[in-house]
Amino acid sequence: MNAPAAGDRPIRVLLADDQHLVRTGFRVILEVEDDIDVVGEAADGERAVSMTRALHPDVVLMDVEMPGVDGLEATRRITAATSPEGPAVLILTTFDRDDYLFAALRAGASGFLLKNGTPEALIEAIRVLARGDGLLAPELTRRVIATFARPGDPSGVGGTETGDAALRDLTPREREVLVLVARGASNAEIAAALHLGEATVKTHVSRVLAKLGLRDRVQAVVFAYEQGVVRAGG
């Protein structure tokens with residue numbers, strides 16, 4: 001899982017967007033927060049990748065449509081080159097398109113928000129990702145589940161031999177936890193359902209992510225639906 005900012009250190013954020021005014025607006029919104037520090041700006045995906053390597057941000061705010069290397073490819077490069085404790089990528093776009101959503105999730109993004117959201121939602125999303133959790137706007141989560149529920153869905157999801165092998169490494173309890181995570185349950189809700197302490201649940205979630213090679217809960221949801229561990233409405 002992505003490591004939260006250590007101690008009292010502010011959350012380090014890198015802005016990646018080809019529009020200077022957009023980056024300036026994000027910086028103005030974020031820098032009034034005591035716990036957030038904007039450490040750099042990139043105007044294209046290539047620069048975002050190189051600046052991530054150099055600056056080690058906790059969260060990268062990534063636009064999708066940028067010249068040269070786009071945000072999706074930049075996200076793939078960032079997540080492929082870093083450990084699960086590396087930076088979380090939050091996709092921000094004006095384009096409300098399912099293909100962007102699923103491509104972003106497969107690229108390793110930990111969150112996806114539309115730019116028409118509120119400043120408060122953006123700030124909270126950064127804090128959520130810095131804590132090591134994943135985030136999707138509620139309306140996007142509903143679309144993810146609805147798409148997985150459709151026969152021959154356009155997202156191209158489906159189980160894999162690698163995924164099946166990883167699932168076999170889970171204990172029965174860890175598989176139960178994965179199912180509940182995929183259904184959107186919080187740690188407190190999982191604890192109540194399985195009659196466990198929340199600390200124990202947190203440990204189980206961490207082990208599930210580690211065994212499956214996943215970065216966060218968002219990736220666990222996608223994995224569980226792709227592998228048929230859970231099905232919409234089931």
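In helix α1 of this predicted model, residues V22, R23, F26 and L30 are buried, where buried means under 20% relative accessible area, exposed over 50% and partly exposed in between, with a 1.4 Å probe and protein chains only. These residues cover an arc of only 95 degrees around the axis, which puts them on the same side of α1; the arc is that of the directions from the helix axis to the C-beta atoms. An α-helix has 3.6 residues a turn, so residues three or four places apart point the same way. On the other side of α1, H20, L21 and V28 are exposed. The cover over the buried residues of α1 includes β1 (11–16), β2 (36–42), β3 (59–62), β4 (88–93) and α5 (119–130), contact being heavy atoms within 4.5 Å. Helices (H or I, at least four residues) and strands (E, at least two) are DSSP runs numbered from the N terminus.

Residues are numbered from 1 along each chain as its sequence is written. Local features need pLDDT of at least 70, and side-chain atom pairs count only at pLDDT 80 or more, whereas totals for chains, interfaces and linings use all residues; side-chain values use heavy atoms, with hydrogens and water left out.

Helix α8 (residues 172–182) packs against helix α10 (residues 198–212) at an angle of about 95 degrees, with the axes 9 Å apart. Axes are lines fitted to C-alpha atoms, for helices over the stretch in contact, and angles run from 0 to 180 degrees between N-to-C directions. The two helices α8 and α10 are therefore roughly perpendicular to each other, a term that applies from 65 to 115 degrees. From α8, the residues R173, E174, V177, L178 and V181 meet H204, V205, R207, V208, K211 and L212 of α10. By class, this contact has six nonpolar, one polar and four charged residues; Ala, Val, Leu, Ile, Met, Phe, Trp, Tyr, Cys and Pro count as nonpolar, Asp, Glu, Lys and Arg as charged, and the others, Gly among them, as polar. E174, located in α8, is buried, with a relative accessible area of 4%. Residues up to four places away in sequence aside, E174 touches D169, H204, R207, V208 and K211.

In helix α11 (residues 217–226), ten of the ten residues are buried, so α11 is largely enclosed by the rest of the structure. Among the buried residues of α11 are R217, Q219, F223, Y225 and E226. Just after α11, G228 takes a positive phi of about 75 degrees.

The chain has eleven helices and six strands, and buried residues make up 48% of its 234 residues.

Terms used: Angles under 35 degrees count as roughly parallel, over 145 as roughly antiparallel, 65 to 115 as roughly perpendicular and the rest as oblique.
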